[in-house]
Amino acid sequence: MEPKPKSEHLLALKVMRLTRPTLASPIVVTNDSTDLPGNTFNDELKNDCTALQGMETVSIGQFMVLPQSFGNIYLGEIFSSYICVHNGSNQTVKDVTVKADLQTSTQTIPLSGHNSQTKELIPNRTIDEVIHHEVKETGTHILVCEVTYTPVISGGQPLSFRKFFKFQVVKPLDVKTKFYNAENGEVYLEAQIQNLTAGPICLEKVALESSHLFKVSTLNVNEENESIYGKVNLLDATHSRQYLYCLKPEPSLAKDPKLMHNATNIGKLDIVWRSNLGERGRLQTSQLQRMAPDYGDLRVTVKNLPSKVYLEEPIHFTAHVLNTSGRQVDLFLSLQSNTAVAWSGIGDKNLGSLKSGEFLDIPLCIFPLESGLVAISGLKLTDTSLKRVYDYDDLAQIFVTYVN
């Protein structure tokens with residue numbers, strides 16, 4: 001017995017991705033008629049639809065090419081698709097439902113039709129809809145479209161069919177970050193953004209949304225508060241941009257060394273761009289994490305250090321000592337001169353007790369004995385209760401010049 005032929009559905013489903021066209025330039029390959037190929041290349045140029053008639057050997061302008069398939073889409077862009085269901089039969093159908101789901105490697109996202117139904121669709125009529133979705137995952141995506149309907153004739157049994165459309169979501173940008181923890185508690189973030197798309201893009205916005213523990217300021221503007229990259233920040237394919245931000249800790253955070261040590265969440269980078277035909281994309285990074293600074297039991301920083309330093313002239317500054325340990329320390333100060341700097345004042349001094357989280361400012365004075373770049377060294381702190389010694393041989397660096 002021969003199998004029964006598969007019955008055709010009364011409805012037809014058409015799905016098209018809505019995207020801007022691409023630009024194509026004519027490829028001119030020609031040669032002299034006396035060469036071996038003869039007029040082969042010239043004849044091909046005359047038949048090329050992108051070549052200008054009468055000026056085939058001149059590459060003038062660009063042409064718009066409509067998309068031939070779903071193609072690829074970049075992470076952060078808006079996926080738009082047109083769904084059309086047409087009744088090309090001579091029968092009326094009822095209870096028409098069109099569902100569209102987007103399947104990723106982790107989830108299924110409903111896009112349309114789960115709560116809507118068309119009661120009746122007469123012949124030569126259509127149901128159409130445009131769906132939009134911002135893609136937030138990379139990898140393979142599958143658009144699943146399902147049509148369910150009930151013919152008025154043929155016993156009224158519900159019928160359904162599906163169509164699948166696969167496309168890839170790839171990364172448009174490569175973001176690399178570097179952190180620097182300054183001695184005064186500030187955190188500097190350098191972000192490098194590279195264009196991974198096939199063409200140039202325009203970066204409309206690159207901003208750092210900091211956590212509540214920090215206050216952010218951008219270092220990517222000039223004195224007139226204009227972007228250093230200009231009003232139109234064009235980034236060609238494979239090219240990169242560097243951005244720098246300064247994050248200052250909140251006052252309550254800066255006073256507590258434990259909170260400062262645990263404040264590793266910096267914030268997120270928010271990037272908005274447009275392609276060469278104006279298609280918008282947005283990418284937000286995950287929470288950026290910095291390595292917690294390790295200050296040990298005691299943190300010593302230099303304050304009020306003058307910018308101009310001359311040879312063999314006194315330099316007055318302040319050593320800021322912060323107890324970052326979880327216990328009380330009993331400190332004893334020792335100053336040792338060397339060939340580069342000579343300390344002035346009492347070389348050995350008892351500083352007393354310092355509770356956890358408290359600080360102490362010590363006024364100091366040195367004489368630089370060498371010119372050039374000199375490191376302030378020779379400061380030693382001893383915890384007399386535990387007999388621990390802390391040496392600080394690179395408190396700061398100063399550039400010493402001769403007296404005018």
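The model is predicted.

**Overall composition**

The protein chain has 404 residues, and 36% of these count as buried. Three helices and 31 strands are found in the protein chain. Its accessible surface comes to about 24,100 Å², with 51% of that area belonging to carbon and sulfur atoms. Taking contacts between residues at least 6 apart in sequence, 70% join residues that are at least 24 apart.

**Strand pairing**

Strands E1, E5 and E9 make up an open sheet of three strands, in the order E1-E5-E9 and with antiparallel pairing. Strand E1 (11-17) and strand E9 (126-134) are the edge strands, each pairing on one side only. From one strand to the next, the twist averages 15 degrees.

Within this sheet, strand E5 (residues 78-87) is joined to E9 by nine bridges. Ser80 stands opposite His132 in E9.

Another antiparallel pair is formed by strand E6 (residues 93-103) and strand E7 (residues 108-112). E6 and E7 form a hairpin, with four residues between them. Leu102 has Ile109, in E7, as its bridge partner.

| Strands | Direction | Bridges |
|---|---|---|
| E5 (residues 78-87) and E9 | antiparallel | nine |
| E6 (residues 93-103) and E7 (residues 108-112) | antiparallel | four |

**Ring contacts**

A pair of aromatic rings is described by the distance of the centres and the angle of the planes. The count of aromatic pairs comes to four. One of them is formed by Phe79 and Phe167, with 4.6 Å centre to centre and 15 degrees between the planes. This pair counts as stacked because planes under 30 degrees apart are classed that way. The pair links distant parts of the chain: Phe79 lies in strand E5 and Phe167 in strand E11 (residues 159-170), 88 residues apart. Both Phe79 and Phe167 are buried.

A contact of another kind involves Arg241 and Tyr229. The charged end of Arg241 sits over the ring of Tyr229, at 4.7 Å from the ring centre.

How values were computed. Residues are numbered from 1 along each chain as its sequence is written. This is a predicted model: local features need pLDDT of at least 70, side-chain atom pairs count only at pLDDT 80 or more; totals for chains, interfaces and linings use all residues. Side-chain values use heavy atoms; hydrogens and water are left out. Two strands pair if DSSP finds at least two bridges between them. Helices (H or I, at least four residues) and strands (E, at least two) are DSSP runs, numbered from the N terminus. Axes are lines fitted to C-alpha atoms, for helices over the stretch in contact, and angles run from 0 to 180 degrees between N-to-C directions. Buried means under 20% relative accessible area, exposed over 50%, partly exposed in between (1.4 Å probe, protein chains only). Contact means heavy atoms within 4.5 Å. Accessible areas come from the Shrake-Rupley method with a 1.4 Å probe; for residues, only the protein chains shown count as cover. Rings of Phe, Tyr and Trp (its six-membered ring) pair if their centres lie within 6.5 Å; planes under 30 degrees apart count as stacked, over 60 as edge-to-face and the rest as tilted. A charge sits over a ring if NZ of Lys or CZ of Arg is within 6 Å of the ring centre and within 35 degrees of the ring normal.
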